[in-house]
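My notes follow the structure.

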Amino acid sequence: MKQITKALIMGGLEKNLIFESPEFAFQTRPDNYRDYLVASINHAEDYMFDAVPFPLRLYNQPADIEKALESLSGITTEMGIGLVFSAPFTCSVREVGATKFFLEVRESLELQNLLSLRTQKSIDLLKRFEDFVDFAILIDPMACNNLISSDYFKKFVFPSYNYLSQSTSLPIVIHTPGKIKKNLPYILESGIKGIQPIDSDELEDIIEGSNKRIQVMGNFNRKLLVYGDGEDIRLELERCRKAHNGYFIFHTNFWIPRRANPKKVKYLSDLIKN
């Protein structure tokens, strides 16, 4: 079992871990899944990362899924690989269109049916990848407090999270921008194993509110890897350490930007590991 998977499933950390996308290593993203994955792993090993994401495009297209599975076949690495795809709620909102969603179908039977369909497709997807990846990351930007109330989250988003987490052996991490503090009780109850909060203002509150029942990743200001100096990076990492009050799974507040200075990334990685 990979270290990051063990941390997500069993809780507790014996050292700091780094989960990152080495986007700074690519001028353009390769079209081929396998080329992208191999390049990601090679660069991540150079910078001592413990896990890398595997973004899946158009996850509801069978041909695309087959290409992704073929790319993962035969890959061996000590790092964890996280399958990344859009969550059922965000997919449903995007499918009907944000304007129509907010004006017409927020609580309609149409939305409930679409959510049910998307949730089942996500379960089918997770089961297909269970033997090839170590954990899953659901991208769910539409499920934050900025856009929906906690009552709405409980009614529509929570059942989907709960169903997903109960239907796969893969630990699931939720990646979302915006405010999520008010939804934290439902996220904890759903069986989700990790959160990547992008709103750094809530980091301390989320960590405290989770009471170590869930792994909270991040939340390093990635802009410093472009514009900051060594001292800026050290101070920002210290802020994250204080918030987590112990070992933690490092992640920026999105991905490492392509304009990042590789020397700064190596310096940051050394600080985290040491």
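**Ground rules.** I am working from a predicted model, where local features need pLDDT of at least 70, side-chain atom pairs count only at pLDDT 80 or more, and totals for chains, interfaces and linings use all residues. Residues are numbered from 1 along each chain as its sequence is written, and side-chain values use heavy atoms, with hydrogens and water left out.

**Sheet.** I looked up the strand order first. The model has an open sheet of six strands, ordered β2-β3-β4-β5-β6-β7, with parallel pairing. Two strands pair if DSSP finds at least two bridges between them. The edge strands are β2 and β7 (215–216), each pairing on one side only. Helices (H or I, at least four residues) and strands (E, at least two) are DSSP runs, numbered from the N terminus. I then checked helix α1 (residues 3–10), which packs on the sheet and touches β2, β3, β4 (135–139), β5, β6 and β7. The direction of α1 makes about 70° with that of β4. Axes here are lines fitted to C-alpha atoms, for helices over the stretch in contact, and angles run from 0 to 180 degrees between N-to-C directions. Four bridges join β5 to β6 (residues 194–197), and the two run parallel. T176 has P197 in β6 as its bridge partner.

**Helix α3.** Which residues of α3 are buried? In this helix (residues 62–72) I found D64, I65, A68, L69, S71 and L72. They fall within an arc of 160° seen down the axis, so they line one face of α3. The arc is that of the directions from the helix axis to the C-beta atoms. Buried means under 20% relative accessible area, exposed over 50%, partly exposed in between (1.4 Å probe, protein chains only). The face turned away from the buried side carries the exposed P62, A63, K67 and E70. The buried residues of α3 pack against α2 (33–46), β2 (51–55), β3 (80–86) and α6 (109–129). Contact means heavy atoms within 4.5 Å. Just after α3, G74 takes a positive phi of about 85°.

**Cores.** I looked next at the nonpolar cores, each a set of buried Ala, Val, Leu, Ile, Met, Phe, Trp, Tyr and Cys residues joined through side-chain atoms within 4.5 Å. The largest has 75 residues, of which F54, F89, F129, F153 and F220 touch the most other members. A second, separate core of 15 residues includes A7, F19, A51 and F135.

Where does N183 sit? It lies in the loop between β5 (172–176) and α8 (184–190). N183 is buried, with a relative accessible area of 0%. Its side chain reaches the backbone oxygen of A143 at 3.4 Å. A polar contact is a pair of N or O atoms within 3.5 Å; within protein, one must be able to donate a hydrogen and the other to accept it, and residues adjacent in sequence count only if both atoms are side-chain atoms.

S210 is in helix α9 (residues 203–210) and is buried at 1%. The side chain of S210 reaches the backbone oxygen of I207 at 2.8 Å. Beyond its neighbours within four places in sequence, S210 contacts L184, L188 and V216.

S167 lies in the loop between α7 (150–166) and β5. Its relative accessible area is 16%, which is buried. A polar atom of the S167 side chain lies 2.6 Å from the backbone oxygen of Y163.
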